[in-house]
Amino acid sequence: ALGAVDNKLELTRHGKKLAVLPLNPTFGHLMLQSPEYGCVSEMLTAVAMLSSENIFYRPGGRSEGNLVARAASAHRRFVSHEGDLPTLLNVYQFWRREAIYRQGGSRRKTKEATGGKLDHFDWCHRNFISSRALLRAHEVRLQLEEICGRPKPGLSYDVSSTCGDDIDKFLKCACSGLFLQAACLNRTSAEVNSERKSNLAVLSSRGRYITKNGGREVSIHPTSSMFGRQPAAKCVVFTEMLTTKKDYIRGVTQIREEWLAEVVPDFYTSSSKK
C-alpha cells in the first residue's frame, strides 16, 4: 500500500527512497511526503521526535501530587489542539529558542544563561522533559537532515523548506504519510456527545474511534494530547496501536476526513466515507 514494491516484488522509485532513510517504513513514508506540502523542516523534527523514546517526563508511582500537577502544568504550554505531532514539534521549537546545549558540558543544574538561553539540562528539568530523549531526537534530526539534504545517494531535499504558520499543510502531510492509520469518531459516540451534556458523554469523546483500514474500535491513549479533548476530533491519524484489554492509539493527530480521498485517491474514495 505504500508503493515500495511493484508487482514483481522489486523496489520502486519510492521504495528506493525509503531504503535511504534509517527509519521504519511508516515514518520513512511520512518523511517522503513533506516536499509536496512544503514542510520538510517541520517533518524532520516530527519524525525525529517520534523516533526517540518518550519525550515527556511524567512523575508516577509514589510521586507527590504537587509534582504531578507541576509536570502537567509545564507540559500544557506545548500542547497543540491539533494533536501529538504538532505538540512534539512545539517542544522542539521551544527548546531551540529557549535552551542551549554544550556538548560534553556538565550535567549539573545551572541558572547560567548564554544569550538569554537556559542550559539544556536546566530547561528540561523546569519543563519536565526527558533530557536524554530530547538530545536523541536532536541527533536523529541532524542525521536525517544530512541524508535528506545531500545529493544522491541522498534525497536532494530543501531541508529549510517550511510551511510556517500554515498548520493545514503540516496536517495534510501527516494525513498523506499515515493514511493507512486513520480512524474516525464512532458515529454513535458523536451523536451521544451532541445530545447529552453529562459527564457520561465525556467517556465517548475520549476513545471510541473506528479505524478506516480494518474497522477496529480503538481508544485514544491517556498519554496523548488528544485524550479527553472537547470537542473530540472527527477524524485522526495515528503512529502506533497498543493492545491491552482494548486497543489504544498513540501519536494521534487531527485531520479532515475528506483529505484521505484527496491525498490517496487510489486507496480512499469519496464513497468510503461513512
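Student: Which helices and strands do the buried residues of H7 pack against?

Tutor: This is a predicted model, and in it the buried residues of H7 include Phe121 and Trp123. Six of the eight residues of this helix, which spans residues 120-127, are buried, so H7 is largely enclosed by the rest of the structure. The elements that its buried residues pack against are helix H5, helix H6, strand S1, strand S3 and helix H8.

Student: Is phenylalanine 78 buried or exposed?

Tutor: Phenylalanine 78 lies in the loop between H5 and H6, and together with Phe94 and Trp123 it forms one aromatic cluster. Buried means under 20% relative accessible area. Because the relative accessibility of phenylalanine 78 is 0%, this residue counts as buried.

Student: How are the rings of phenylalanine 179 and phenylalanine 267 arranged?

Tutor: A pair of aromatic rings is described by the distance of the centres and the angle of the planes. For phenylalanine 179 and phenylalanine 267, the centres are 5.3 Å apart and the planes stand at 70 degrees. Planes over 60 degrees apart count as edge-to-face, so the arrangement of this pair is edge-to-face.

Definitions and conventions
Residues are numbered from 1 along each chain as its sequence is written. This is a predicted model: local features need pLDDT of at least 70, side-chain atom pairs count only at pLDDT 80 or more; totals for chains, interfaces and linings use all residues. Side-chain values use heavy atoms; hydrogens and water are left out. Buried means under 20% relative accessible area, exposed over 50%, partly exposed in between (1.4 Å probe, protein chains only). Helices (H or I, at least four residues) and strands (E, at least two) are DSSP runs, numbered from the N terminus. Contact means heavy atoms within 4.5 Å. Rings of Phe, Tyr and Trp (its six-membered ring) pair if their centres lie within 6.5 Å; planes under 30 degrees apart count as stacked, over 60 as edge-to-face and the rest as tilted.
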